[in-house]
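Dear colleague,

Please find below the sequence and the structure that I am handing over to you. My findings follow directly after them.

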Amino acid sequence: MGKVVTLGEAMLRLSTESGKRLAQSEELKVNYGGAEANVAISLANYGHEVLFASKVPKTVLGEAVQKHLQRYRVNTEFLITGGARLGTYYLEAGSGERGSAVIYDRKGSSFAELEELEWNLTDLFNDAELFHISGITPALSEKWQSLALKLIHQAKKAGCKISFDVNYRGKLWSQAAAGKALEQILPEVDYCSAGVLDAIHLLGITETVAEAENETAFYYQRMKERFPNIQVFYSTKRVVHSASVNDLMGTLWMDDHYYESSVHRIAPIVDRVGAGDAFSGGVLHGLLKKMHPQELIDFATAAAALKHTVFGDCNQFTEEEVQQFLAADSGKINR
């Protein structure tokens, strides 16, 4: 399997215990994450050679990010140091009908303040098969919108497939700004994580869905017509019964056919953060291994469901463990 490169902002996460408000908490749990870093960890767990590129401060926090990645065998050769601080976010864990809430404190971070690409791009993409980036990175600044596009162009020049997760965050930029950036980025993309709401609110695809049509398949087809270069679209459908109980299903558009997984009832949820990244990691693993589309979407959705059962941002399961979970009845003891 070829080398995979992911690039994005690594972050410090400070989270409350379930049942406690952030303003009243006297202690917070410490974790490290970030969308592209989480995907890198998933793929490394599945046996791929994965390199994560970012910039972190030359402090004990930057060192902690490096150790976090190396713990999961992610290559940190291109984790450069410098700048003032590590981006941070606070997570107030939800419970019952009260959803979780995120507060960002990432302004002025080492990664967000980059004015030019400080990596040797020839070395970064040397022998790489796939480059993965998400919409969170261009959302950080106007400068990062141009830098992200430059990275994608360089990766394509080096022969990489381009994977892009729209990953829209309303607290980082507006729908209009995101849509404008996507119109430049998506013509360069091969694999794209984007769902119905992205199609409608970011890409302005508002055609009416006939009553007999599958809504998700309809919008995948419309996005494919708009961006014929994109070979694969994928996303999840989630029914939120409460902060602790969700139904999850994966969907895929590949080779002009629509596929969906079975529905996973996740109850109770230990930690939902990073489940989308676990899903992306599962899809990319399936593509790299050339799985049949149905096998691929089943694997990716199972990986996302498993992520809900562990604390922290990243998926901690191997390919074998995901396959065992798929083969077994949910919740059975694996003896």
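Serine 15 is part of strand 2, which covers residues 11–15. The model is a predicted one, and the values below should be read with that in mind. In this model, serine 15 has a relative accessibility of 1%, and it therefore counts as buried, since the cut-off for that term is under 20% relative accessible area. When its neighbours within four places in sequence are left aside, serine 15 is in contact with Leu28, Lys29, Leu91 and Phe311.

Histidine 241 is found in the loop between strand 11 (232–240) and strand 12 (246–254). Its relative accessible area is 41%, so histidine 241 is partly exposed. Not counting residues up to four places away in sequence, histidine 241 touches Asn246, Asp247 and Arg265. With arginine 265 there is also a polar contact of 3.4 Å between the two side chains. Histidine 241 and glycine 96 are 145 residues apart in sequence, while their C-alpha atoms are 8.6 Å apart in space.

Helix 10 (residues 293–307) packs with helix 11 (residues 319–327) at an angle of about 100°, and their axes are 9 Å apart. The two helices are therefore roughly perpendicular to each other, as angles of 65 to 115 degrees are classed in this way. Helix 10 contributes Glu295, Asp298, Phe299, Ala302, Ala303, Ala305 and Leu306 to the contact, and helix 11 contributes Glu319, Glu321, Val322, Gln323, Phe325 and Leu326. Of the residues in this contact, 8 are nonpolar, 1 is polar and 4 are charged.

Yours sincerely

Notes. Residues numbered from 1 in each chain as written. Predicted model: local features only at pLDDT ≥ 70, side-chain atom pairs only at ≥ 80, totals over all residues. Heavy atoms only, no water. Axes fitted to C-alpha atoms, helices over the stretch in contact; angles between N-to-C directions. Helix = DSSP H or I, 4+ residues; strand = E, 2+ residues; numbered from the N terminus. Parallel < 35°, antiparallel > 145°, perpendicular 65-115°, else oblique. Contact = heavy atoms within 4.5 Å. Nonpolar A, V, L, I, M, F, W, Y, C, P; charged D, E, K, R; others polar. Buried < 20%, exposed > 50% of the residue type's maximum accessible area, 1.4 Å probe, protein only. Polar contact = N/O pair within 3.5 Å; in protein donor to acceptor, adjacent residues only side chain to side chain.
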